[in-house]
Amino acid sequence: MRKEQIDSIRYLASGAEVPISTSWTHSDYPDIVFADLGADPVLPDPVTPCWR
C-alpha cells in the first residue's frame, strides 16, 4: 500500500485512532508512514517476539 492511500491508523484492541507522524525526522523515509505514539508510548498489548 502506498503512503498516499493511508487515511488513518487505529489500535486493533480499542479502535482508537493513532495520529500519523509529521515529524521532520522521518523526511529521509518519504514512502514510509510512521505512527505518532507520543513522547512516552505505552503499547496496550505485550509484544510477542517472532522467534521462539
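**View 1. A side chain reaches a backbone nitrogen at S21 and S23.** In this predicted model, a polar atom of the S21 side chain sits 3.2 Å from the backbone nitrogen of S23. A polar contact is a pair of N or O atoms within 3.5 Å; within protein, one must be able to donate a hydrogen and the other to accept it, and residues adjacent in sequence count only if both atoms are side-chain atoms. S21 belongs to the segment after strand 2. Strands (E, at least two residues) and helices (H or I, at least four) are DSSP runs, numbered from the N terminus. S21 counts as buried because its relative accessibility is 16%. Here buried means under 20% relative accessible area, exposed means over 50%, and partly exposed is in between (1.4 Å probe, protein chains only). Leaving aside residues up to four places away in sequence, S21 touches H26, F34, A35 and D36; a contact means heavy atoms within 4.5 Å.

**View 2. A35 and the residues it touches.** Let us move to A35, one of the residues that S21 touches. A35 also lies in the segment after strand 2, which covers 17-18. With a relative accessibility of 37%, A35 counts as partly exposed. Its contacts, not counting residues up to four places away in sequence, are I9, V18, P19 and S21. Look too for R10: it is 25 residues from A35 along the chain, and the two C-alpha atoms are separated by 9.5 Å.

**View 3. R10 and its salt bridge with E17.** R10 is found in strand 1. The closest N and O atoms of R10 and E17 are 3.6 Å apart, forming a salt bridge, that is, a side-chain nitrogen of Lys or Arg within 4 Å of a carboxyl oxygen of Asp or Glu. A search of the whole structure finds one salt bridge. E17 has a relative accessible area of 47%, so it is partly exposed. A polar atom of the R10 side chain also lies 2.9 Å from the backbone oxygen of G15. Beyond residues up to four places away in sequence, R10 touches G15, A16, E17 and V18.

View 4. I6 is partly exposed, at 27% relative accessibility. I6 and I20 are 14 residues apart in sequence, and their C-alpha atoms are 9.4 Å apart in space. Now find D31: the C-alpha atoms of R2 and D31 are separated by 7.2 Å, although the residues are 29 apart along the chain.

**View 5. Stepping back to the whole chain of 52 residues.** The protein chain has zero helices and two strands. Buried residues make up 4% of its residues. Of the contacts between residues at least 6 apart in sequence, 28% join residues at least 24 apart.

**Reading the views.** Residues are numbered from 1 along each chain as its sequence is written, and side-chain values use heavy atoms, leaving out hydrogens and water. In this predicted model, local features need pLDDT of at least 70 and side-chain atom pairs count only at pLDDT 80 or more, while totals for chains, interfaces and linings use all residues.
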